[in-house]
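Hi,

Here is the structure I promised to pass on. Could you have a look at it, and then read my notes below?

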Amino acid sequence: MCGIVGYVGNRIALPILIDGLKRLEYRGYDSAGVALLQDGKLLIKKCVGKVSQLEEMTKDLKSTATVGIGHTRWATHGAPNDINAHPHMDCHNNIALIHNGVIENFATLKKKLETLGHVFKSATDTEVLVHLIEEFSRWNEDLDQAVRGALKEVTGTYGIIVLDVFKPDTLVVARKGSPLVIGYGDEEIVVASDASALVQHTRKVTYLEDGEIAIVTAHEVTIKTLSDVEITKVVEELTFDLEQIEKGGFTHFMLKEIHEQPETIENSMRGRLLEEEGTVKLGGLSEVADKIIRAPRLIFAACGTSWHAALIGEYMLEQYARISVEVEYASEFRYRNPILTKDDVVLLISQSGETADTLAALREAKAQGATVIGICNVVGSSIARESDGGVYIHAGPEIGVASTKAFTSQLTVLALLTILIARGKGMSREKGIELVRELRRLPEKVQTILSDSKKIEYIAQEFKDTKNFLYLGRGYNFPAALEGALKLKEISYIHAEGYPAAEMKHGPIALIDENMPVVFIAPQDRTYEKIMSNIQEVKARNGKVIAIVNNEEDSIRNLADYKIYVPQTLDLFSPILSVIPLQLLAYYIAVSRGCNVDQPRNLAKSVTVE
């Protein structure tokens, strides 16, 4: 969601803040702003729109400030406009604050503060917090004590940086539910909501945990609990390079990340395949593997694209490991009072490892005594740290808001998990070898699809002005149909729905006419004949059929209007291949419609607020 950057050091702060905000643009936002401590006063510049507009607004500033904070806002309370943009100020323009999260009791606090004489300018919940800090600062000389007192009054989530003219060399940083990372440079400190904003300055970082406050100067970082107990944190090393978050010659990050999938799928399984034994090695699960294998059921909790991956994981595990699996929307999980036991294993899937709903589901599962397993991409993320065990997908930084390479890496890891559990529950070595060998072939097969994308680009041109799409698949490819529809909705703003192909007759068939394109995922598996019948039903109603089919099959030629070929593979790996052309189709349609592919409207890369 919102992007946060803070700097204190010996360099001019403004260009560092602007560059950091640019690297956080992928998170999604509607306005941007900075606060600089200049000549003993706070200089505030903010505007609705892109970071480029903020950069233009500040280009003539002759700022020598070496302390400052910057923010990109994704609106929750209050419309996107200049007034509601961050940073927000106290009554006397001495304290500036930026915030990611939601202050749930802001209305009560605001009413109380107004009776004490505070005057509010914006419609945001964030402004309440800076006035609350101002109120506490009347009784506390130390800024961190004022922040601590204010936060004890707050209900909700926050990642904040506070800047005070009376503490000119200090930033106060605090976290509850919204990620913050502190980067240690040479006589300078950079604070951000995402390591991508500071990797060019340092690789040494510390991740704040919930309930922690950091007092930051250029030379020292002191971290305390909300109860004012000083703690020692481990300094970690970032595992990715600046080059990984650049476009590398591609027009968009999304296209780059689609084309990275042969490599990222390979990375997801690298060092984990034991082909001679027909099994896999997942070091992050070593202490809990036996419990997972013995568990009476597994429960997945995830959101969005990760939820689609979980659905495919359910199919994999039930077919090959013969274990009961449930898939939950993380956003609903804790609100429906789920029944869990100490023998259950709950698996949380999240690209960022910071998804608010998924993190809340993890904590609910732990509170009920279940074992929790994290499957995520970002090393050191909250889900990774709070899980009993886990598996990194090793997809590298994913900048495009619409997830692509993370999805196929998630599926690869779920396949590894399936092999591990299935072998532990008695699947034969021979079958394990067959699965492992086919896994090894997947990167090459993905590359084959990517090397022949001109046909997909042509199909996109044919359908760029369509108002609606229908995506249909059976078995493993029903969730792939859901994912294909989601990709199109996210980046092209065309309405699209995914269904199990057999469900078409139970409602969606009423929509089919000559203006309705239907995408069928039709590999040559045990559902193939049924899919053929569904295609016949669409053609009988003049629908336009786009079919994802295997290279060696040709019986569909006379039925489909457009055909996209993917190589044959085993059934459980089929979605890893079939989703590639669906990603490309969505991308090319969105580009042809002039959409902002990497930063689609109203969306954020990491949803860190409820």
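Let me begin with helix H13, residues 405-424: its 20 residues should span 28 Å at 1.5 Å a residue, and its end C-alpha atoms are 29 Å apart, which agrees. The expected span is 1.5 Å times one less than the number of residues, and helices are DSSP runs of H or I with at least four residues, numbered from the N terminus.

A word on the source: this is a predicted model, in which local features need pLDDT of at least 70, side-chain atom pairs count only at pLDDT 80 or more, and totals for chains, interfaces and linings use all residues. Residues are numbered from 1 along each chain as its sequence is written, and side-chain values use heavy atoms, leaving out hydrogens and water.

Of the 20 residues of H13, 18 are buried, so the helix is largely enclosed by the rest of the structure (buried: under 20% relative accessible area, 1.4 Å probe, protein chains only). Just after H13, Gly 426 has a positive phi of about 110°.

H13 and H14 have axes that come within 10 Å and cross at roughly 170° (axes are lines fitted to C-alpha atoms over the stretch in contact, with angles from 0 to 180 degrees between N-to-C directions). H13 is therefore roughly antiparallel to H14 (over 145 degrees). Residues of H13 in contact (heavy atoms within 4.5 Å) include Thr 412 and Leu 416, while Leu 435 and Val 436 are among those of H14.

H14 (residues 429-450) also packs with H18 (residues 574-592), at an angle of about 25° and with axes 10 Å apart.

Best wishes

Definitions and conventions: Helix = DSSP H or I, 4+ residues; strand = E, 2+ residues; numbered from the N terminus. Buried < 20%, exposed > 50% of the residue type's maximum accessible area, 1.4 Å probe, protein only. Parallel < 35°, antiparallel > 145°, perpendicular 65-115°, else oblique.
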